[in-house]
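Please read it with the sequence and the model in view.

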Amino acid sequence: MILKLKPIFQERIWGSRRLKKEFDYDIPQGIIGECWGISAHQNGENTIINGPYSGHILSELWANHRQELFGDFTHETFPLLVKILDATDDLSVQVHPNDEQAYSLEGERFGKTECWYVLDAKPGAELILGHTAQTRAELETAVANEEWSDLLKRQPVKKGDFVFVESGTIHAIGKGIMILETQQSCDTTYRVYDFDRTDDKGTKRELHLEKALTVTRVPDIPVLAQPTEQSVHAGTIRTLVQSQEFDVYHHHVSKGYSYPKRDQFSLITIIEGVGVLTTDDESLEVRKGDHLIVTRETSDVIVASGKMEWITSEIGRKY
């Protein structure tokens with residue numbers, strides 16, 4: 001069974017209206033920065049919009065049909081969250097906790113390791129990823145003195161790039177970048193620096209320096225993803241990362257491509273194209289911007305027509 005989800009949209013000061021233009025989403029009024037495409041998090045939860053579970057929310061299915069739809073998992077919370085982010089302006093410089101820190105500091109079930117597939121990037125676009133401090137004292141001094149140009153590592157990016165961001169890594173998505181983000185189901189963010197921006201009342205956004213310094217890894221040791229690609233019938237599969245938290249892949253597919261049956265659920269976001277997917281029991285028209293869950297033991301998913309690009313994700317070894 002393939003479940004299709006209704007996206008949730010989040011207003012952000014660094015957003016725009018571009019998600020409507022790029023994906024033909026029916027977005028609400030305001031400055032929209034994020035589409036939460038596959039989420040059971042309380043801050044933005046998706047509803048199923050097709051099939052026998054239409055109208056049900058994802059957390060309800062996880063609670064009541066976990067074994068049959070998802071797999072042999074014991075934890076009570078759906079573990080992943082998939083978003084599209086439209087960064088018209090720079091995001092804040094921030095850091096996220098790991099599982100243990102998230103639980104002790106916030107009572108959250110998961111920390112936040114994440115990864116980004118760059119859907120688009122304007123010329124000269126760049127990310128902040130990591131820091132230069134070699135000791136915690138050096139980090140604290142640099143933050144206190146706002147030595148941002150020396151402390152923060154910058155990295156240029158282009159469309160099609162992939163970045164893995166382990167929990168504890170200081171980072172920021174730069175302006176002019178649109179990404180598909182696969183992450184653990186956590187919404188805890190500790191801001192380190194926000195470029196001294198103010199709201200319409202002249203107030204700076206809150207920083208969380210004490211917690212941020214607590215969870216930041218020192219020294220910073222980047223975990224570099226090393227994507228590999230293989231050709232298969234009617235398509236190619238690019239392995240983006242296989243981590244403790246999740247495995248993520250890019251698929252370039254055409255008519256006749258087969259996505260094999262699995263013994264646990266997997267997530268699919270269509271990032272380009274249109275087509276029809278079929279299984280032994282159903283046929284589903286899909287297009288760019290659709291977010292899907294292929295439930296466990298679903299028969300091979302066949303591309304009956306169309307050419308598309310997908311990003312898929314599955315649970316990693318931790319679970």
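Predicted model: local features only at pLDDT ≥ 70, side-chain atom pairs only at ≥ 80, totals over all residues.

Lys153 has a relative accessible area of 29% and is therefore partly exposed.

**Salt bridges**

- The side chain of Lys153 forms a salt bridge with that of Asp220, at an N to O distance of 3.3 Å.
- This pair connects distant parts of the chain, with Lys153 in strand E11 and Asp220 in the loop between helix H7 (209-215) and strand E16 (228-232), 67 residues apart.
- Asp220, with a relative accessible area of 10%, is buried, whereas Lys153 is partly exposed.
- Strand E11 (residues 152-156) also holds Arg154, which is 28 residues from Glu126 in strand E10, and the side chains of Glu126 and Arg154 meet in a salt bridge of 3.2 Å, N to O.
- In general, side chains of opposite charge can pair when their charged atoms come close.

**Largest cavity**

- There are three cavities of 30 Å³ or more in the structure, and the largest cavity contains about 70 Å³ of space.
- Its lining includes Asp220 together with Arg217, Ile221, Pro222 and Val223, and also includes Leu129, Gly130, Phe164 and Val165.
- Strand E10 (126-131) and strand E12 (162-165) are the elements that give two or more residues to this lining.
- Sorted by class, the lining residues of the largest cavity comprise six nonpolar, two polar and three charged residues.

**Surroundings of Asp300**

- Asp300 lies in the loop between strand E22 (291-294) and strand E23 (301-315), and with 36% relative accessibility Asp300 counts as partly exposed.
- Leaving aside residues up to four places away in sequence, Asp300 touches Ser258, Tyr259, Pro260, Lys261, Thr278 and Thr279.
- In the case of Lys261, the backbone nitrogen lies 2.9 Å from a polar atom of the Asp300 side chain.
- Leu277 is 23 residues from Asp300 along the chain, and the C-alpha atoms of the two residues are separated by 9.9 Å.

Notes: Residues numbered from 1 in each chain as written. Heavy atoms only, no water. 1 Å grid on protein atoms, 1.4 Å probe; cavity = no way out; pocket = protein on both sides within 12 Å on 5 of 7 lines; lining within 4 Å. Points joined across faces, edges and corners; volume = space filled by probe spheres on them. Helix = DSSP H or I, 4+ residues; strand = E, 2+ residues; numbered from the N terminus. Nonpolar A, V, L, I, M, F, W, Y, C, P; charged D, E, K, R; others polar. Buried < 20%, exposed > 50% of the residue type's maximum accessible area, 1.4 Å probe, protein only. Contact = heavy atoms within 4.5 Å. Polar contact = N/O pair within 3.5 Å; in protein donor to acceptor, adjacent residues only side chain to side chain. Salt bridge = Lys/Arg side-chain N within 4 Å of Asp/Glu carboxyl O.
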